[in-house]
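Work through the exercises below with the sequence and the model side by side. Try each task before reading its solution.

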Amino acid sequence: GRLADLPPDADLDCGCGWVIFMHGSSGLVGDNWRYVQMMASAGYAVLSPDSMAGHKLALRARDPVPDLAADVRRRSAKSPGVFWCADNVYASDCPPFTRGGPAACFSTNSTDILSDPSGWFAFYERVYELRRRGLAENL
């Protein structure tokens, strides 16, 4: 779930300790989501700052699934295979800026990259810098 979903009296003293998990450039999807779930089921408290959760600059944003914990429980009860779904966290995607999306959303489509390699190199450097600063801020 999300921190906002925790009850005020939640016990945050976890026996195994805490893990700070930074997701990949697509957000908390695919294997990133599964790693978080596996660490949590092993007894760790997992904090995964979501760089896709929106920002006042709206450089990269995806709409969250409302009440994530309840949604995952509901879908897991219907289908145990929900663990393998590619995206359990977001209700929308982050369309690449080349297709009208926010400034820092991108696709690794090889045709796009090969059309302007130096431009894409500079773009990825800026995205990396955004992620680096986000990590520094969270730590």
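**Exercise 1: an aromatic trio**

Task: classify Tyr 124 as buried, partly exposed or exposed.

Solution. The relative accessible area of Tyr 124 is 26%, so Tyr 124 is partly exposed. The scale is this: buried means under 20% relative accessible area, exposed means over 50%, and partly exposed lies in between (1.4 Å probe, protein chains only).

A word on the source: this is a predicted model, where local features need pLDDT of at least 70, side-chain atom pairs count only at pLDDT 80 or more, and totals for chains, interfaces and linings use all residues. Residues are numbered from 1 along each chain as its sequence is written, and side-chain values use heavy atoms, with hydrogens and water left out.

Next, find the aromatic pairs. Rings of Phe, Tyr and Trp (its six-membered ring) pair if their centres lie within 6.5 Å; planes under 30 degrees apart count as stacked, over 60 as edge-to-face and the rest as tilted. By this rule there are four aromatic pairs. One of them joins Trp 120 and Phe 123 edge-to-face, at 5.6 Å centre to centre and 75° between the planes. Trp 120 and Phe 123 sit three residues apart in helix α4 (residues 117-138), so about one helical turn separates them. Trp 120 is buried at 7% relative accessible area. Phe 123 is buried too, at 6%. Phe 123 and Tyr 124 also pair edge-to-face, with 5.9 Å between centres and 65° between planes. Together, Trp 120, Phe 123 and Tyr 124 form one aromatic cluster.

**Exercise 2: the chain as a whole**

Task: state how many helices and strands the chain has, and in what order they run.

Solution. Count four helices and two strands. Both are DSSP runs, numbered from the N terminus: helices are H or I with at least four residues, strands are E with at least two. From the N terminus, the order is β-α-β-α-α-α. Now the burial: of the 139 residues, 27% are buried. Then the contacts, meaning heavy atoms within 4.5 Å. Take those between residues at least 6 apart in sequence: 63% join residues at least 24 apart.

**Exercise 3: helix α1 and the cores**

Task: which residues of helix α1 are buried, and what do they pack against?

Solution. Start with α1, residues 31-41: Asn 32, Trp 33, Arg 34 and Val 36 are its buried residues. They pack against β2 (45-47) and α2 (68-78). Just after α1, Gly 43 has a positive phi of about 105°.

Now look for nonpolar cores. Such a core is a set of buried Ala, Val, Leu, Ile, Met, Phe, Trp, Tyr and Cys residues joined through side-chain atoms within 4.5 Å. The largest has 14 residues, and those with the most contacts inside it are Phe 21, Leu 28, Trp 33, Leu 68, Val 89 and Tyr 90. Helices α1 and α2 each supply at least two residues of this core. Leaving out residues up to four places away in sequence, Trp 33 touches Leu 28, Leu 68, Val 72, Asn 88 and Val 89. A second, separate core has five residues, including Ala 104, Phe 106, Phe 123 and Val 127.

**Exercise 4: a buried aspartate**

Task: is Asp 71 buried or exposed?

Solution. Locate Asp 71 in helix α2. Its relative accessible area is 14%, so Asp 71 is buried. Not counting residues up to four places away in sequence, Asp 71 touches Val 65, Pro 66 and Asn 88.
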